[in-house]
Amino acid sequence: MGWGSWVAIGDSFTEGLDDPAEEGGYRGWADRLAELMAARDPGFRYANLAVRGKMMTEIITEQVPLAVAAGPDLVTVCAGGNDLIIPGSDVDELAGELERAIVELQAAGSEVLLFAGPDPKAMPMVRRVRAKVAIYNEHLHAVADRTGARI
């Protein structure tokens, strides 16, 4: 793979909200993985631009341009979860927005890795959006197939 640089974009999942660190505070999966990657490559560059509560449009307008400007080898994208819990949100439009962002990131030379959402069956507060999550995840797989992004 040879990723010498990585930018993580998205919402609270990537930021690391509610992911406790041993020394106190919070430290998400992305920061933990970046530490491992940096241990293998002293020149490794990493930025986590993810912010809790961000909606798809905000992630695309605020974080994607910064990722494009940084020109990393890898961009990870976890987005859409906050949109899915909003009544009336359109999963087809969300997937379309994300696909356009993926194409933009790839055109800038970055490999893109997407995250599908978890099945919310065991999560009482969001179980009601289970069908929307399933449809969105199917869209993500189709987008990955069309663009060559990893999922």
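This is a predicted model: local features need pLDDT of at least 70, side-chain atom pairs count only at pLDDT 80 or more; totals for chains, interfaces and linings use all residues.
Residues are numbered from 1 along each chain as its sequence is written, and side-chain values use heavy atoms, with hydrogens and water left out. Local features need pLDDT of at least 70 and side-chain atom pairs count only at pLDDT 80 or more, while totals for chains, interfaces and linings use all residues.

Start with the charged pairs. The structure holds seven salt bridges. The term stands for a side-chain nitrogen of Lys or Arg within 4 Å of a carboxyl oxygen of Asp or Glu. Three of them are described here.

How exposed are the partners? K54 has 15% relative accessibility and counts as buried. E62 is partly exposed, at 36%. The cut-offs are under 20% relative accessible area for buried, over 50% for exposed, and partly exposed in between, with a 1.4 Å probe and protein chains only.

Another salt bridge pairs R150 with E111, at 2.2 Å from N to O. R150 sits in the segment after helix 6 (130-147) and E111 in strand 4 (residues 111-114), so the bridge ties together parts that are 39 residues apart in sequence. Helices (H or I, at least four residues) and strands (E, at least two) are DSSP runs, numbered from the N terminus. R150 is partly exposed at 38% relative accessibility. E111 is partly exposed too, at 26%.

R130 and D119 also meet through their side chains, with 2.7 Å from N to O in this salt bridge. This pair links distant parts of the chain: R130 belongs to helix 6, D119 to the loop between strand 4 and helix 6, 11 residues apart. R130 has a relative accessible area of 36% and is partly exposed. D119 is partly exposed at 44%.

Now the open space. The largest pocket contains about 520 Å³. It has 22 lining residues, and D11, G81, N82, G117 and P118 are the closest to its centre. A pocket is an open set of points on a 1 Å grid over the protein atoms alone, where a 1.4 Å probe fits, with protein on both sides within 12 Å along at least five of seven lines; lining residues have an atom within 4 Å of a point. Volume is the space filled by probe spheres set on the points, which are joined across faces, edges and corners.

Which helices contribute to the lining of the largest pocket? Helix 1 (12-15), helix 4 (81-84) and helix 6 each supply at least two residues. By class, the lining of the largest pocket has 14 nonpolar residues, seven polar and one charged. Here Ala, Val, Leu, Ile, Met, Phe, Trp, Tyr, Cys and Pro count as nonpolar, Asp, Glu, Lys and Arg as charged, and the others, Gly among them, as polar.
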